[in-house]
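I opened the notebook to record what I looked up in this structure. The entries are in the order in which I made them.

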Amino acid sequence: MKLSKKSRFFPYAMLLPTVVIFAVFMIYPIIYSFYLSFTEFSGGTYNFVGLQNYIELFKDPVFYKALFNTFFYLIIQVPVMIGLALLLAVLIEQKFIRGRGFFRMSTFLPTITSLVAYALIFKVLFNTDHGLINYLVEFFGGEKIQWIYSAWPARASIIISITWRWVGYNMVILLAGIQAIPTDLYESASLDGANFWQKLRYVTIPSIKPVILFTTITSTIGTLQLFDEPYILTQGGPNYATITL
Amino acid sequence: MIKKICVYFLLILAAFLSLFPFYFMFVSGTNSNQAILAAPPRLIPGDMLAQNFSVLVEKMDIFRVAFNTLFLSVVFVLLAVILFSSAGYVLAKYEFKGKGIIFGFIMVSMMIPAQVMYVPLFQMFVSAGMTNTYAAVILPSLANAFGIFLMRQNMMNFPTALIEAARIDGYTEFQIFTHIVLPNVKPALSALVIYMFTTMWNNFMWPLIVLETKDMYNFPVALAVLDGNPTNKDFAVILLATSIATLPILFIFMVFQKQFVAGVMGGAVKE
């Protein structure tokens, strides 16, 4: 249907406020940031210095630590989290499960907490001398782990915290995908004598591939942008061991 | 049978691990600092709630902070609903020049880390003399691609026939939007409301940068400042403050669970 002349402006009018906001508070800052990256701040003014900042950045060892950490988190955390989320989603969808709502809700709950709140809780739990986690480690005969003060445990604590927060979110998305799989696929798989793992491998995973891809992409973006958690939990330390880009 | 037990065991374990930190937080708010730092920490409610609260009120103006957080969240939600529903609607249901570019820009912006924008944004608000205002917190947050995406995905499924019927009945385009479309996408709108409310309630990095005085802080910033004080760190008080900041959002989640889940799913799965 052709719109009348007046109505043709309607979509633009509806979009105008949003476009203005994006232009002022998103596009302009991005471009300006890019411009600033070629300048140097001295004596209250910005002077154009070309690629110098980039050269300094690539000479800076902290940058490589940050780069390494970001990719380390990416390689470990994203697959672990998506795998866990998928497992939980499949388990919750098992036919005999009662209290599905409760399980779904409780695993999703961490997603809604504020970053500061959950980082503070984990800081107390991971506390080296007084934290509950180290108490349990010692109780089972281990040695106290310097969660915040040595490099690898600090990275582990960040991965654990992020996984705790986001696994339920990804699980819910995967659940939506699993619920959309036609049940007769499972029925015929059962008739063919497929067990739990075979059904997972040959029915569930292929059917929800796009959804798995979606969660992987969003989690990857999230991890690449990771900043707040290390900032609060470990302040990027020890010796920049947990710092990210 | 063994299989059933295993599945239940794993699910209960997952639920326990998810819920335990919340329990720990609430319980710690009622215990003393020593009890939290003991080995093992006290995991049952204590009787220190009133005392912790009085210490907390001394250290931070919790009522002011609560008001700030609520005010920011409510105003942000109102603006976000108006902006994102209208933008999402025309992006879903109209064909016009530049639509592809605009939608593409909005989607790409989701991938750009917010940190990139902080320096120029801060300079902008400094030169406008608007740092330390509610507007400085709210305005940049309105450039939220997820909200627009959520609205567009949901409006895509709105029957075009209804829109055309209304057009024949003589409704203007704007009336169609307000009288026909909006009342019929209430579930999507409530998902948006809840998401945006949570986003602003938990907003941390940008308020930390742009807010300067204690009387403007929202909960996340006030909590970080409370935690940042290195002398006499009282974990009981910190965790009590954290509990108070978390309770409202927890309550909203309990009431609107379905919309929360629908919001997450709506963005991901298309029929």
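**Entry 1: ground rules.** I am working with a predicted model, in which local features need pLDDT of at least 70, side-chain atom pairs count only at pLDDT 80 or more, and totals for chains, interfaces and linings use all residues. Residues are numbered from 1 along each chain as its sequence is written, while chains are lettered from A and ligands numbered from 1 in the order in which they are written.

**Entry 2: confidence.** I looked up pLDDT, the predictor's confidence in each residue, from 0 to 100. Chain B has an average of 85, and 94% of its residues score at least 70. For the complex, the predictor gives an ipTM of 0.81 and a pTM of 0.82. I noted a caution: where pLDDT is low, the predicted coordinates should not be read in detail.

**Entry 3: chain A.** I found 11 helices and two strands in chain A; these are DSSP runs, numbered from the N terminus (helices are H or I, at least four residues; strands are E, at least two). Their order from the N terminus is α-β-β-α-α-α-α-α-α-α-α-α-α. Chain A has 245 residues, and 34% of them count as buried. A residue is buried if 20 or more other C-beta atoms lie within 10 Å of its own, exposed if 12 or fewer, and partly exposed in between, with C-beta atoms placed from the backbone.

I then checked helix α5 of chain A, residues 115-125, where 11 of 11 residues are buried. Among them are A:Y118, A:F122 and A:K123.

**Entry 4: the interface.** Contact means that the C-beta atoms of two residues, placed from the backbone, lie within 7 Å. Chain B brings 70 residues to the contact and chain A brings 58. On the chain B side, helix α14 (residues 235-268) gives the most, with 13 residues. That side divides into 56 nonpolar, nine polar and five charged residues. Ala, Val, Leu, Ile, Met, Phe, Trp, Tyr, Cys and Pro count as nonpolar, Asp, Glu, Lys and Arg as charged, and the others, Gly among them, as polar.

**Entry 5: one helix pair.** How do helix α1 of chain A and helix α5 of chain B pack? I read an angle of about 45 degrees, with the axes 12 Å apart. Axes are lines fitted to C-alpha atoms, for helices over the stretch in contact, and angles run from 0 to 180 degrees between N-to-C directions. The contact uses A:L15, A:V19, A:F22 and A:M26 from α1(A), and B:I102, B:F105, B:I106 and B:S109 from α5(B). By class, this contact has seven nonpolar, one polar and no charged residues.
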